[in-house]
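Visitor: Please take a close look at the aromatic rings here. How do they pair, and where do the pairs sit?

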Amino acid sequence: MLTAVPLYANIPITSVKGLAMGTSSDNKNLPVCKKTIGELSKDAKTFFIPSYQRGYRWGENEVKQLFDDLWGAMKANKEYCLQPLVVMKKGNQWRVIDGQQRLTTLYILLKVLGQEPGFSLEYETRPGSKGFLANIATVKEEKRELEARKNPDYWHMWKAKEKLE
């Protein structure tokens, strides 16, 4: 079953919300309901990024725009739509069909803020990314930057982390 989840931020960042909707395999519309990332994580703790997804490539502008939008929503005490996260439940994982750039950036932001995201990200073609992200804010700067230079995904994740600090 495919689920589109337009993400909403209801600050603090730990309560990122979404609106679950989509179409089932028999083309019947699914009901619409709001869910937080935490609620999705109760159903499955892992968001799995399949091999057909491009690597993490958000640059400084996209990361800054997301942060500025979240910060503005927080200051105004408003919900904010972050665009859809399209996922498909498979076993004990959410397979990410669309939205992995936003989801990865939110994960990095939570790590920079010293919060545990409550979910993990696994990449089918980039298995080391899970460990890199899990420790992105805690490993010594020089070592992590050196590691980031060896992999384009890590490099962009590292640059996003630097922008969010």
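Guide: Rings of Phe, Tyr and Trp (its six-membered ring) pair if their centres lie within 6.5 Å; planes under 30 degrees apart count as stacked, over 60 as edge-to-face and the rest as tilted. By this rule there are four aromatic pairs. One of them is F67 with W71, a stacked pair with 6.3 Å centre to centre and 15 degrees between the planes. The model is predicted: local features need pLDDT of at least 70, side-chain atom pairs count only at pLDDT 80 or more, and totals for chains, interfaces and linings use all residues. Residues are numbered from 1 along each chain as its sequence is written, and side-chain values use heavy atoms, with hydrogens and water left out.

Both F67 and W71 belong to helix α2 (residues 60-76). They are four residues apart, about one turn of the helix. Helices are DSSP runs (H or I, at least four residues), as are strands (E, at least two), numbered from the N terminus. F67 is partly exposed, at 31% relative accessibility. W71 is partly exposed too, at 41%. Here buried means under 20% relative accessible area, exposed over 50%, partly exposed in between (1.4 Å probe, protein chains only).

Next, Y107 and F119. Their ring centres are 5.6 Å apart and the planes stand at 65 degrees, so this pair is edge-to-face. Y107 lies in helix α3 (residues 100-112) and F119 in the loop between α3 and β7 (120-123), so the pair ties together parts 12 residues apart in sequence. Y107 and F119 are both buried. Ring pairs also bring in F47, giving a cluster of F47, Y107 and F119.
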